[in-house]
Amino acid sequence: MKKGFCTILFLLLSTTLLFAADTKFTATVSKSQVGVGEQFEIDFTLNTTGTRFTPPDVSAFQVLSGPNESISATVVNGSSVVSTTYSFILAATKEGTFNITAAAIVVNGHTLTSNPLKIKVQGQAPPQTKTQAQPAPADDNSQVNTKDLAKSLFMRADVSKTKVYTGEQIKVRYKLYTRVDLVANQLDKAPDLNGFWNQDVVNKNPNAMWTAETYNGVKYSVAVIKETVLFAEHSGDLTIDPLAMTFIVRLKTPPRKFMDNPYGNFQDIKYQVKSTPVTVHAAPLPEAGKPVGFSGAVGSFSVYTDIDKKELKANETINYTFEVKGSGNLNLINAPKITPPVDFEKYDPKTTDRITVDSNGIAGSRQFSYLLIPRHQGNYKLDLAKFTYFDPSAKRYITLPTSEFNIKVNKGDMQVNVPVFNSADQQDIKMLGNDIRYIKTSSAGLYQHGGEFYGSVMYYILLLLGPLSFAAAFFYRRWEADYNSDLVLVKSRKAGKVAAKRLADADKQLAAGNKVAFFEAIARGLYGYLSDKLNIPVADLNKETIEERLRVRSVSEPVIKQLNDTMDSCEMARFAPVSVISQQQVFENAKNIINEIEDKL
């Protein structure tokens, strides 16, 4: 017994040691010493895939982005090696030495923790832009008049397209043009992107990359300040508001006295630069030829489907994979509605994203994995779904067929479906008192004639209970079918409960101190609630339509104004470094708006 116990303990210990040796979860930081206001990046790298990532405590810093998950695969000796990285971009807010606790992740049922990190914050952040980083062109070292500075230093919003369809991606780059030396810079106001779903292109290089470019016949040093990918959320004329920055410009001044430097003196001045607003015209998607199964995908895509087995037994599982690849609004593509045979059970899909965001836009793949279970034997055909998207280049809808799979389901194991009944052997049965019965000493169970259960009141009550229960169930079923026949009313009735779940997610983000995720959850909760409650399609969901529907339903103007203010606060807080907005106040406003609308409607 002791030897067996020791053997099991040794095997468990060996398995744990082998798992710990093969799987590594490490934390790295781009800079261990920074200044106040300086940005740095933290990466948590796992040399496999895991679930339930628990981020560290970064409350001592301002979270600019994260956690951002990226999955990469490399081929080593003919086999694929997968690694997962979770990254944060942080900014120091005060001086001191701060400890970043370990992050945690679950791999194959084991919880791994990373190494802790220590960050030292001392002094102010160095200027992000220096004269050595972007010298002015050689022919422009002459004197520059401050009145003519606008011709030598300006910013442009370079938009890839100004005429698009709703849902089509646009790439915008904010480019700085200069012919003077810059000493330092400061961001004053990030652009408002109302009416757009947007995602920034993250540049891990903290230094600006300068290139030479000729614009309107004049040569400039040019740097890209910010890159963003936009998707028009609704049709109409949408405005990309300016990006504003303040620069310290070093200008060359002529010598004023005989003893001055004959090569001239220098003067540093503060100068504000703002890009010009850009108007984008978003055309609605054409109604002519729109397929019934179209769910809003816009771009250029392909579809891949596969199953992990084509022959199995009843009650075993099949993994059905549906993967969309290409470029476009991948983040907005929902799981397709598949229709397996009636003898199959279907479970909600698992979504896996492999999406990249760079200067070329958003591209990659979104994979949906469905678990199917056949319950009866037979031969089946799986032709589960088709994928439809709108191609802006071709200006038409395209429906991609998927592969058809023939599945053979054999009879399941008997011990799984039918319980085994084992009868006793005849030799094990003993008959007692077979020849002479024993005298009964207990009561013989005598009863008065006419006192039987048959014919009593309880007998007839129980006899009628069955038909009455069947009739009640039948009429209840009909009432329930009529009550739920109108899908629009069903969604409207359940809108409040769905919104409460979304606000619960926002409350979790608020408690975790994740500002960006909190405001995204509030915005999704309000827009999703209003879409369900007012029966507004996602493609038509905008402030003007929402206000019109609320006024038609006699919702008070103060509630409508509070709704607009809350939505504006969410948009501003998600994409602008605004610190004056109270997250708790926004959360309470969102709950109050939903309660007011529920009471009214």
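1. S531 is located in helix α6, which spans residues 515-534; helices here are DSSP runs of H or I with at least four residues, strands are runs of E with at least two, and both are numbered from the N terminus. The model is predicted, so local features need pLDDT of at least 70 and side-chain atom pairs count only at pLDDT 80 or more, while totals for chains, interfaces and linings use all residues. Residues are numbered from 1 along each chain as its sequence is written, and side-chain values use heavy atoms, with hydrogens and water left out.

2. S531 counts as buried because its relative accessibility is 11%; buried means under 20% relative accessible area, exposed over 50%, and partly exposed in between, with a 1.4 Å probe and protein chains only. A polar atom of the S531 side chain lies 2.7 Å from the backbone oxygen of I536. With residues up to four places away in sequence set aside, S531 touches I536, V538 and L541, where contact means heavy atoms within 4.5 Å.

3. At the level of the chain, the secondary structure comprises 9 helices and 31 strands. Of its 601 residues, 36% count as buried. Among contacts in the chain with a separation of 6 or more, 72% are between residues 24 or more positions apart. The accessible surface is about 37100 Å², and carbon and sulfur atoms account for 53% of that surface; the areas come from the Shrake-Rupley method with a 1.4 Å probe, and for residues only the protein chains shown count as cover.

4. M155 belongs to strand β11, residues 153-159, and its relative accessibility of 4% is why M155 counts as buried. Not counting residues up to four places away, the contacts of M155 are K175, L176, L243, M245, F247, V273, K274, S275 and T276.

5. The count of cavities of 30 Å³ or more is 1. A cavity is a set of points on a 1 Å grid over the protein atoms alone where a 1.4 Å probe fits but cannot get out, and lining residues have an atom within 4 Å of a point. Grid points are joined across faces, edges and corners, and a volume is the space filled by probe spheres set on the points. The largest cavity has a volume of about 30 Å³. Its lining consists of K171, V172, R173, V201, E227, T228, V229, D358 and S359. Strands β13 (169-178) and β17 (218-232) are the elements that give two or more residues to this lining.

6. Two residues other than glycine have positive phi values: R52, near 55°, and S554, near 65°. R52 is placed in strand β4, residues 51-54, and counts as exposed because its relative accessibility is 64%. S554 sits in the loop between α7 (543-552) and α8 (557-575); with a relative accessible area of 47%, S554 is partly exposed.

7. T28 lies in strand β1, residues 25-29, and is partly exposed, with a relative accessible area of 41%. Leaving aside neighbours within four places in sequence, T28 is in contact with E41, I42, D43 and L117.

How values were computed: Polar contact = N/O pair within 3.5 Å; in protein donor to acceptor, adjacent residues only side chain to side chain. 1 Å grid on protein atoms, 1.4 Å probe; cavity = no way out; pocket = protein on both sides within 12 Å on 5 of 7 lines; lining within 4 Å.
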